[in-house]
Amino acid sequence: RLDRPVAGLALGDDLERGERNFLGKRSAQRLWEGRHLLVRAGPACDPLPHLACAVRWLGALCERAVDAARRLRRLADRAGAQELVAVATSALRDAKNGRKLAERISRALGSEVRTLAGEEEARLIFSAFRRRVGLGDENALGLDLGGGSLELAVGNASGLRFETTLRLGVTRLHGEFVRSDPLSAAEVRALRARVEESLDPIAGR
């Protein structure tokens with residue numbers, strides 16, 4: 001339970017929209033304010049087979065991301081935040097230069113960016129589901145589809161039973177498979193095969 005205004009910043013694979021929500025808590029009072037800053041359409045994806053696909057933040061886009069972080073810092077300050085908590089997900093977790101970019105964003109924010117492991121991200125997401133959705137004793141499946149990854153978690157009101165993360169984010173898949181607009185029949189088949197291939201090992205859990 002927080003007794004002071006806190007700004008929460010999530011740096012996901014849609015860091016493009018710079019996103020994020022500032023949550024201030026003063027005892028029982030909650031104030032929400034959403035902010036969206038256009039940065040980019042996700043990190044670049046090398047045209048490699050999907051098992052080896054690597055992402056990287058290019059120079060100019062790194063600068064835009066750092067600039068967005070500075071603007072979000074100013075927004076947090078104007079909102080009266082006394083603390084800023086920043087976490088990074090797939091965009092920085094999977095990027096070749098993600099650690100260096102996280103360090104630069106940390107300096108811009110004046111607060112350390114903590115990069116979440118995929119399973120931790122899934123657990124936190126399911127924790128949010130439990131808080132906002134009335135779960136009972138039966139297991140429920142929670143999914144969070146982002147730009148770089150898909151998190152899945154199974155559990156009920158009493159706890160989490162299973163969690164995982166898959167590299168099935170929309171920006172990632174688009175970069176790997178899509179070369180035409182609208183998608184060709186071959187691209188649709190390839191996308192479908194990739195999703196089924198990734199989901200099959202966990203479908204029976």
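Biologist: Is arginine 99 buried or exposed?

Modeller: This is a predicted model, where local features need pLDDT of at least 70, side-chain atom pairs count only at pLDDT 80 or more, and totals for chains, interfaces and linings use all residues. Residues are numbered from 1 along each chain as its sequence is written, and side-chain values use heavy atoms, with hydrogens and water left out. Buried means under 20% relative accessible area, exposed over 50%, and partly exposed in between, with a 1.4 Å probe and protein chains only. Arginine 99 has a relative accessible area of 69%, so arginine 99 is exposed.

Biologist: Which helix holds arginine 99?

Modeller: Helices (H or I, at least four residues) and strands (E, at least two) are DSSP runs, numbered from the N terminus. The run with arginine 99 covers residues 98–109 and is helix α3.

Biologist: How many residues of strand β9 are buried?

Modeller: Strand β9 spans residues 150–156. This strand is mostly covered, and the buried count is 6 of its 7 residues.

Biologist: Over how many bridges do β8 and β9 pair?

Modeller: Two strands pair if DSSP finds at least two bridges between them. Leucine 143 has leucine 152 in β9 as its bridge partner. A hairpin is formed by β8 and β9, with 4 residues between them. Strand β8 (residues 140–145) pairs with β9 in the antiparallel sense, over 6 bridges.

Biologist: Which residue in β10 stands opposite valine 154?

Modeller: β9 also pairs with strand β10 (residues 159–166), antiparallel, over 7 bridges. A hairpin of 2 residues joins β9 to β10. In β10, the residue opposite valine 154 is phenylalanine 162.
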